[in-house]
Amino acid sequence: MLDNLNWWEIGALLLLALLIFGDRLPAVITDGLRLVRNLRNMARNATGDLSRELGTDIQLEDLHPKAFIRKHLLSEEDEAAIRKPLQGVYDNLRADVSGVHNDLKDVANAADLRSNGTRPGTATSTPSAPAPRASYDDAT
């Protein structure tokens with residue numbers, strides 16, 4: 001959840017929360033944790049009630065419409081029948097993409113050989129030294 005925040009940003013958020021809520025910050029944190037706990041309990045109870053009503057074992061992740069249909073309404077044969085026409089298209093597309101990828105690699109290798117000043121058929125025994133780079137101090 002907080003994967004894209006670094007320590008400075010988390011510290012700034014905590015400082016901002018302290019400035020906004022002041023002395024009430026521990027009470028606000030407690031209320032927030034109680035709310036999250038109650039929401040989890042409500043979701044757990046709802047999935048339990050739904051499991052009892054339908055007569056199957058339903059997890060919270062199964063409530064997504066696609067997952068629900070796939071798991072509870074379609075048999076394995078139905079799912080295989082749905083996937084079969086698309087599998088050929090997927091295999092063809094994958095073969096085309098890998099062919100394009102290989103062609104791009106070949107072009108990149110050929111361009112790399114041309115930029116070094118060597119020809120693909122000839123090899124040099126000593127690598128050429130890189131040209132010295134101009135720096136800002138040289139220009140002033």
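Me: A helix here is a DSSP run of H or I with at least four residues, and a strand is a run of E with at least two. With that in mind, what pattern does the protein follow along the sequence?

Reply: This is a predicted model, and reading along its sequence gives α-α-α-α-α.

Me: How do you know that the length of helix H1 agrees with its number of residues?

Reply: H1 runs over residues 7-21, and its 15 residues at 1.5 Å each should span 21 Å. The C-alpha atoms at its ends are 21 Å apart, so the two values agree.

Me: What lies at the start of H1, and what follows H1?

Reply: At the start, a side-chain oxygen of asparagine 6 comes within 3.2 Å of the backbone nitrogen of tryptophan 8. The cut-off for a polar contact is 3.5 Å, so that pair is inside it. After H1 comes glycine 22, with a positive phi near 60°. H2 is likewise followed by a glycine, glycine 55, with a positive phi near 80°.

Me: Why is threonine 47 called buried?

Reply: Its relative accessible area is 10%, and buried means under 20%, so threonine 47 qualifies. Threonine 47 sits in helix H2, residues 25-54, and a polar atom of its side chain lies 2.9 Å from the backbone oxygen of arginine 44.

Me: Which residues of H2 are buried, and what covers them?

Reply: Leu25, Thr47 and Ser51 are the buried ones in H2, and H1 is among the things that cover them. Across the protein's 140 residues, 4% count as buried.

Me: What makes leucine 16 partly exposed?

Reply: Leucine 16 has 45% relative accessibility.

Me: What makes aspartate 31 and arginine 34 a salt bridge?

Reply: Their closest N and O atoms are 3.1 Å apart, and a salt bridge needs a Lys or Arg side-chain nitrogen within 4 Å of an Asp or Glu carboxyl oxygen, so the pair counts. In general, side chains of opposite charge can pair when their charged atoms come close.

Me: Why are aspartate 31 and arginine 34 separated by about one helical turn?

Reply: They are three residues apart in helix H2, which means about one turn lies between them. An α-helix has 3.6 residues a turn, so residues three or four places apart point the same way. Aspartate 31, at 43%, is partly exposed, and so is arginine 34, at 42%.

Me: How many salt bridges are there in the whole structure?

Reply: Two. Aspartate 49 and arginine 52 meet in a salt bridge at 2.2 Å, N to O, and they also lie three residues apart in H2.

Me: Is arginine 52 buried or exposed?

Reply: Exposed, because its relative accessible area is 62% and the class starts over 50%. Aspartate 49, at 38%, is partly exposed.

Note on methods:
Residues are numbered from 1 along each chain as its sequence is written. This is a predicted model: local features need pLDDT of at least 70, side-chain atom pairs count only at pLDDT 80 or more; totals for chains, interfaces and linings use all residues. Side-chain values use heavy atoms; hydrogens and water are left out. Buried means under 20% relative accessible area, exposed over 50%, partly exposed in between (1.4 Å probe, protein chains only). A polar contact is a pair of N or O atoms within 3.5 Å; within protein, one must be able to donate a hydrogen and the other to accept it, and residues adjacent in sequence count only if both atoms are side-chain atoms. The expected span of a helix is 1.5 Å times one less than its number of residues. Contact means heavy atoms within 4.5 Å.
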